[in-house]
Amino acid sequence: MLKHIRVKNNLCIINWTPNEVCELLTYNAIKAEQLIQENKTSTRKLIRDLYLLACQASLKNPSIKSKEARVLRTYAKTIKETSEYYDNLFDLGEMTR
C-alpha cells in the first residue's frame, strides 16, 4: 500500500511496509521532529500508523523483525512526546480580560 507522508516539509510517497519505512527513516537519518505533520490530526494518525506498523513487524517474524518494530515504536513515541511538548510550549492559554 502506498502512503503519502510529509518529511522535512516535503511530500514523500512510500510503500507502507515495516521494512520500507524503517529504511526511509534510518537511511535518510530522519529525526522524529521532522515527521510532525502540519496539524494535530495528521500527526496523531501518523503516530497510530507507526504503532500499527510496529505491531505488524512484530507479528510477521518476531525474532527477525524485532529491530524494525523497535525502531517504529521509538519514532512513534518520540513524535508523540515532541508534538505534545510543542503544543504545551506554544499554548498561551486563554487571554483574560
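Here is a short chat about a few residues in this predicted model.

Student: Why is threonine 43 called buried?

Tutor: Its relative accessible area is 4%, and buried means under 20%, so threonine 43 gets that label.

Student: Where does threonine 43 sit, and which residues does it touch?

Tutor: Threonine 43 is in helix α2. Leaving out residues up to four places away in sequence, threonine 43 touches Ile36, Gln37, Ile79 and Ser83.

Student: What makes the pairing of threonine 43 with glutamine 37 a polar contact?

Tutor: A polar atom of the threonine 43 side chain lies 3.1 Å from the backbone nitrogen of glutamine 37.

Student: What is the phi of alanine 29?

Tutor: Alanine 29 has a positive phi, about 50 degrees, despite not being a glycine.

Student: Why is tyrosine 86 called partly exposed?

Tutor: Tyrosine 86, in helix α3 (residues 62–90), has a relative accessible area of 34%. Under 20% would be buried and over 50% exposed, so 34% makes tyrosine 86 partly exposed.

Student: Which residues make the nonpolar surface patch, and what lets tyrosine 86 count in it?

Tutor: Tyr85, Tyr86, Leu89 and Phe90 make that patch of about 470 Å². Patch residues need over 30% relative accessible area, and tyrosine 86 has 34%, so it passes that cut-off.

Definitions and conventions
Residues numbered from 1 in each chain as written. Predicted model: local features only at pLDDT ≥ 70, side-chain atom pairs only at ≥ 80, totals over all residues. Heavy atoms only, no water. Helix = DSSP H or I, 4+ residues; strand = E, 2+ residues; numbered from the N terminus. Buried < 20%, exposed > 50% of the residue type's maximum accessible area, 1.4 Å probe, protein only. Polar contact = N/O pair within 3.5 Å; in protein donor to acceptor, adjacent residues only side chain to side chain. Contact = heavy atoms within 4.5 Å. Patch = residues over 30% accessible without salt bridge, like charges linked within 9 Å, V, L, I, M, F, W, Y side chains within 5 Å. Areas by Shrake-Rupley, 256 points an atom, 1.4 Å probe, with all protein chains shown as cover. Salt bridge = Lys/Arg side-chain N within 4 Å of Asp/Glu carboxyl O.
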